[in-house]
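Here are a few friendly notes to read alongside the model. Please take them in order.

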Amino acid sequence: MTRRGGGVHVWALRLTPGLLVLALLRHGAGLVLHVGSASPGARKCLDILARLGLMPGLRIHDIGLPVTDEHGRALSLRLEWRLLTLADALPMDDDGGIWIPARYGDQADGIRRAMRSYYCAYNREALILPLFAECAYRTGRVDGDVRLVECLVRFPCLGDWTAAHLPFDPGPAARLVALPSLRAAISLLRVLPESPRQWIRRLFRRVPRPEIKVDSQARQQGTILQQNIAWIFEQYPAGGHLYWHDGSGLDPARVVLYCNRRDAPLDDATRDRAGAMGLGWADAAFLPDHLARPLIDSVGCLGLAASAFPRRLGKVALWRWTTLCQLTVLIESYRALIRQVNAKAAYQSWVFLPQTLALALALRLEGGAFLWNFWSIHPLPVALHHFGMADLVFSWGPYHRGFYHVHRLDYRTMVDVGIVMGDGHLAGDDRRAAGYRAALAPNLRFVLTVLDTSYGPEASNSLGHVVDFYRSVLALVRAHPDWGCIIKSKSIYDSLPRTTGLQDVVASLEAEGRCLRVQFDERVSVVAKAGDLAVCSSINSAGFLAAVAGRPALHLDLAGIDVHPIARDGGSGQVIFRDVAGFEAAIEAVADGDTRLGDHSPWLDLIDPFRDGAGRSRVAAIIGAYMRGRTEGKNAEAALALAVEPWRSRTVVCDNGIPASDKGDVLWRQTYEWGREVSMVERSPGS
């Protein structure tokens, strides 16, 4: 083997013996390999090559999104734009045929949204490698004499098409190669949703019908489906996914938990808690089981898509057809479940995955309504949200509305209700807050409420960002004997690796009565009121919740999310800080009496125009009125109109996707266009 290949860099997520052989055959032993990890077999091969004097260069990277691009901005912004650009470019109607079954003709736009959502959901993770590699050269993290950068990616679906259309411009000459993938091959042939193992099991064994428990009178009146989520009962009634039921006036028996998530199955604990509240439930772990004859009827669903078989067969056309087959089975399975429990609506708060959209489509086809709201304050455009659809959307306020509008959310009616799900007021909140403060030493003059954030390779924030945040805040508290802190973690604190300046300082401060850790499911508003200043890792929804609760808040943005609408509207340097030194100086200033820093008042009306903690009461009233309208025999459209009408004089109501054109819309449009511009969605000239 010659040592040709000088100046060639080859990237792969995981180096295997097969990929190593492929790279050596293509470029010789003079290449440099950049990988996230290497399999044991690949390492043995590298040892052999080293003994032969043919060892290629090898660099191991922590490949993921928590890095900044050449502009100092979060790489996740570029990922979302590239993913959206690809999804929008998918050829849906290229062969001139009518490929959407006649049964779904009125929902053609929803079918297309679900198809593009499928592409985004399955390919998002695979895009991280080429974007990380591109960014490594543009930022100078990888340099040297490079004449060719080759990136080997296994795309879960439409690999060749994606590689041909994804901008990849690290600077030097570049080549993006879609590796053969068993998963991608299966995606071109797979016509049934869910796990193939479950289908095989049903071929050879009789499976019991899925468990459904619904009161007969409730079924006759009509029910509302609610997805079961981990901690749904613990956060009730002030927050969590079931927040809307308290105050709705609905008989609990008319609420049916459908259990389709692996992390929240229909188990004995769920039955006990749901039973104690009087709720119904339905097992939806394998949704097609709700069809009358799961195997036969699923094949019948494929018959609906038969007329859409492509006229000109190619990989994209075949993928479109097989994905349509899967979606058809999901829609018809949801329709069967809806009929079994006589559901007139479903409430959900989740990203718009294909399964979510299948439920929304099924409800429209069955004359029901899909009710939805977002649970936090998102700082960036998100590709998946461009393909969302709902009949009734509950918006916190103008900020949320602007987010939905630039993301092209398809909705019938949207109502501003204030903060819901993430927080809300209960009687006794002030007493609880005072109790937390009293648990600290009595001589403290300044207490920080410490709010961390999630992190990981697919998030904007890294473990390092979170650790640096904690060490910064804890060092300040330790340096001031009359300061204390209350840590309200997003359930990540206990999983953080032991780090000098973190757990040891917390233990020391706890022993001195200057640090208190509260349960992760405690509401931010309560903990914020116990402190004097909220400090946040990243531009954090929790910080805005603290501000709405009446406390100043500071955000440490190490991830580079400066495209945030509030950062661009004057928030940088006032509530948002990009470096630790500026963040610490702002904390010191607030402790010394500065009332400008941390002040969110210019944006509070954007986040929650009510700020009374009663958002869930508004949602409860609207959902209750809608369900009563359905009981009286009104159809979904009439019942929604009746439920929303009293609120038109009290809040902002938008109909049929028409923006309200206020500050929230303007800010998000500016952020959106600027984010597109800086995300390099087009190839550089000459690349």
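1. The chain's accessible surface is about 26700 Å², and carbon and sulfur atoms hold 52% of that area. Areas here come from the Shrake-Rupley method with a 1.4 Å probe, and for residues only the protein chains shown count as cover.

2. A word on the source: this is a predicted model, in which local features need pLDDT of at least 70, side-chain atom pairs count only at pLDDT 80 or more, and totals for chains, interfaces and linings use all residues. Residues are numbered from 1 along each chain as its sequence is written, and side-chain values use heavy atoms, with hydrogens and water left out.

3. You will find 25 helices and 20 strands in the chain (DSSP runs numbered from the N terminus: helices are H or I with at least four residues, strands E with at least two). The C-alpha trace spans about 80 × 70 × 50 Å along its principal axes.

4. Of the 687 residues in the chain, 59% are buried (under 20% relative accessible area, 1.4 Å probe, protein chains only).

5. Now to one residue, Val-467, which sits in helix α16, residues 463-479. Is Val-467 buried or exposed? Val-467 counts as buried because its relative accessibility is 9%. Beyond neighbours within four places in sequence, Val-467 is in contact with Thr-499 and Leu-502 (contact means heavy atoms within 4.5 Å).

6. Arg-262 is 205 residues from Val-467 along the chain, and their C-alpha atoms are separated by 30 Å.

Methods
Buried < 20%, exposed > 50% of the residue type's maximum accessible area, 1.4 Å probe, protein only.
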